[in-house]
Amino acid sequence: MGMSVDPGQFRSAMARFPGAVTIITTLTPQGRRGITATAVCSVTADPPSLLVCVNRATGTCQGILESGRFAVNLLPDPSGDVAMRFAGAGGATGEDKFALGDWREDAAGLPVLADARVAFSCEVAESLTAGTHQIFIGQITDISEADGAALLYEQSRFHRLAPL
Ligand SMILES: Cc1cc2nc3c(=O)[nH]c(=O)nc-3n(C[C@H](O)[C@H](O)[C@H](O)COP(=O)(O)O)c2cc1C
């Protein structure tokens, strides 16, 4: 009956969606963890909530499961170097990723980027396994904002916002 779609076809189709580039961070007893992520979505304003989809194979996912907290940092333009580092480029993992960027702490001690266009501090309200990924719905406990443009990603490249 149903048509089959393979993972490669799915990836190339999803690559057409322009995404705002974020770094999702958390804090573990072993230190800070973070990944570059575009799978971030508004859920509801009441209570203020968002969701993120995080690969279960990452230390960030395990850290969020353990700590029950995460932060979402919307990257400024330009900051492709930070995005690539937190995507694992150059082989940096764990704490080493944080050598790039001006990282501060939120009230809960989570890593937030000083020049993030917006940073959301979240407590996990719900968590759901979906294949290779974990969907975390976070209730937002704090927001900080800064003026300037955000970094975009589409077709495996970074892009800049331009007004029409
Ligand atoms: C632009 C971009 C967007 C990404 N979005 C996500 C995402 O939404 N969720 C996710 O789990 N991984 C995403 N990744 C992949 C993770 O960043 C990558 O698997 C992770 O950093 C690997 O970390 P590790 O080497 O410390 O395990 C994305 C990568 C890039 C370059």
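Mentor: The open sheet has three strands in the order 1-11-12, paired in the antiparallel sense. Strands here are DSSP runs of E, at least two residues long, and helices are runs of H or I, at least four, both numbered from the N terminus. Two strands pair if DSSP finds at least two bridges between them. Strand 1 (19–20) and strand 12 (157–160) are the edges: each has a single partner strand, so one side of each lacks a neighbour in the sheet. Strand 1 pairs with strand 11 (residues 151–154) over two bridges, antiparallel. Opposite A20 stands L152 of strand 11.

This is a predicted model, where local features need pLDDT of at least 70 and side-chain atom pairs count only at pLDDT 80 or more, while totals for chains, interfaces and linings use all residues. Residues are numbered from 1 along each chain as its sequence is written.

Now the whole chain. The protein chain has three helices and twelve strands. Its radius of gyration, taken over C-alpha atoms, is 16 Å, close to the 15 Å from the globule rule for 164 residues, so the chain is as compact as a globular protein of that length. That rule is 2.2 Å times the number of residues to the power 0.38. The C-alpha trace spans about 50 × 40 × 35 Å along its principal axes. Of the 164 residues, 29% count as buried, meaning 20 or more other C-beta atoms, placed from the backbone, within 10 Å of the residue's own.

Note on methods
Buried ≥ 20, exposed ≤ 12 C-beta atoms within 10 Å, placed from the backbone.
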